[in-house]
Amino acid sequence: MSFTAEDFQKELNVSRETMEKLKQYDELLQKWQKKINLVGPATMPDRWRRHFLDSAQLLPLIPEDAKIHVDMGSGAGFPGLVLAIMTGMEVHLIESDLRKCLFMREVIRVTGANVTVHNKRIEKITDIKADVISARALASLSKLLDYANSFLKKDTLCIFPKGKRFEEELTELKYVWYIKEHRVTSVTDDEGVVLVIRGIEDVRETARTSDSA
C-alpha cells in the first residue's frame, strides 16, 4: 500500500493550510511529470513517501534560529521547496536545468513560498552565506562539501540524506575534510541515514597554512 497525502499529514501533524500548499505542489508535479522527467517515473506512485516525506524528515534537524537555507541541485524541489513551504524560512534553490527551474518557479507562484530559484551551476554562486545547506542524491560527500564551501559560515549546518554507501563516503572524506557528524536513521530508506554535519574544515587548506607558517 502506498503512502498517501493523508498519511503524510497525519504522521507529521501538518496544518490544513500547509497541507493545501503541499497538495498544490503535488498536483503540479503530476502535471509536469507527464512532459518532463522531474523525478524517477517509478517513484511517482509512492511520491508522498519517496519525495515529500523523504524531504520533510529533515525538518526536525533544522535549528529554530536558522534564517537562510541553501538547497543544492534541487531538481524538482526536494527537499528544499518542501521545507520552505513547511517552515516559511528563506530558501535558495540551486538548479542548472532550466525546465526544472521553471517547474519550481510555478510551484512557488502557486504556493507563495519564500524561495529564490537560481538557474546556475552551484560553483557559480558565491554571494550567499547559509545557516543550513541541504542536497539530496546529488554527489559524494566530498563533492558536496566542495560545492557547499562557498556558502559556509562558522556555524553552518549541512544536512545530507545518504544511502547505504555512506560509510564508504565518510571514509573517503577524511582525507579532504574534517567534520563533526551525527547520524539520524532515515525514515524512508532502511539502509540509509541523514548525515548532520558541522564544524567543517578543509584538511588541504589547513595543511597549506601549516606548510607556509
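# Helix α4 and its surroundings

Helix α4 is mostly covered, with 7 of its 8 residues buried. The model described here is predicted. In this model, α4 meets residues of helix α2 and also residues of helix α3.

**Helix α4**

- Helix α4 spans residues 80-87, and its buried residues are G80, L81, V82, L83, A84, I85 and M86.
- The peptide bond that joins F78 and P79 is cis, with omega at about 5 degrees.
- After the helix comes G88, which has a positive phi near 80 degrees.

**Packing of α2 against α4**

- Helix α2 (residues 16-33) and helix α4 have axes that come within 9 Å and cross at roughly 155 degrees.
- Because angles over 145 degrees count as roughly antiparallel, α2 is roughly antiparallel to α4.
- The two helices cross in a right-handed sense.
- On the α2 side the contact involves T18, K21, L22 and Y25, and on the α4 side L81, V82, I85 and M86.
- The residues of this contact comprise 6 nonpolar, 1 polar and 1 charged.

**Packing of α3 against α4**

- The axes of α3 and α4 come within 8 Å, crossing at roughly 55 degrees.
- This angle makes α3 oblique to α4.
- The crossing of α3 and α4 is right-handed.
- F52, S55 and A56 of α3 make the contact with V82, L83 and M86 of α4.
- In the contact of α3 with α4, 5 residues are nonpolar, 1 is polar and none is charged.

**Aromatic pairs**

- A pair of aromatic rings is described by the distance of the centres and the angle of the planes.
- The count of aromatic pairs comes to 7.
- One of them joins Y25 and F52 in an edge-to-face arrangement, at 5.2 Å centre to centre and 75 degrees between the planes.
- Y25 lies in helix α2 and F52 in helix α3 (residues 47-56), so this pair ties together parts that are 27 residues apart in sequence.
- Both Y25 and F52 are buried.
- Ring pairs link Y25 and F52 into a cluster with F8, W32, W48, F78 and F103.
- F78, a member of this cluster, is joined to P79 by the cis peptide bond.

- Most residues other than glycine have a negative phi, and most peptide bonds are trans.
- N13, in the loop between α1 (5-12) and α2, has a positive phi near 55 degrees.
- N13 has a relative accessibility of 69% and therefore counts as exposed.
- A137, in the loop between β4 (132-135) and α6 (141-148), has a positive phi of about 55 degrees although it is not a glycine.
- A137 is exposed, with a relative accessible area of 80%.

**Strand β6 around H182**

- H182 has its place in strand β6 (residues 177-185).
- Leaving aside neighbours within four places in sequence, H182 is in contact with V194, L195 and V196.
- H182 and I197 stand 15 residues apart in sequence, with a C-alpha to C-alpha distance of 6.5 Å.

Notes:
Residues are numbered from 1 along each chain as its sequence is written. This is a predicted model: local features need pLDDT of at least 70, side-chain atom pairs count only at pLDDT 80 or more; totals for chains, interfaces and linings use all residues. Side-chain values use heavy atoms; hydrogens and water are left out. Axes are lines fitted to C-alpha atoms, for helices over the stretch in contact, and angles run from 0 to 180 degrees between N-to-C directions. Helices (H or I, at least four residues) and strands (E, at least two) are DSSP runs, numbered from the N terminus. Angles under 35 degrees count as roughly parallel, over 145 as roughly antiparallel, 65 to 115 as roughly perpendicular and the rest as oblique. A crossing is left-handed if the near helix is turned anticlockwise from the far one by less than a right angle, and right-handed if clockwise. Contact means heavy atoms within 4.5 Å. Ala, Val, Leu, Ile, Met, Phe, Trp, Tyr, Cys and Pro count as nonpolar, Asp, Glu, Lys and Arg as charged, and the others, Gly among them, as polar. Rings of Phe, Tyr and Trp (its six-membered ring) pair if their centres lie within 6.5 Å; planes under 30 degrees apart count as stacked, over 60 as edge-to-face and the rest as tilted. Buried means under 20% relative accessible area, exposed over 50%, partly exposed in between (1.4 Å probe, protein chains only).
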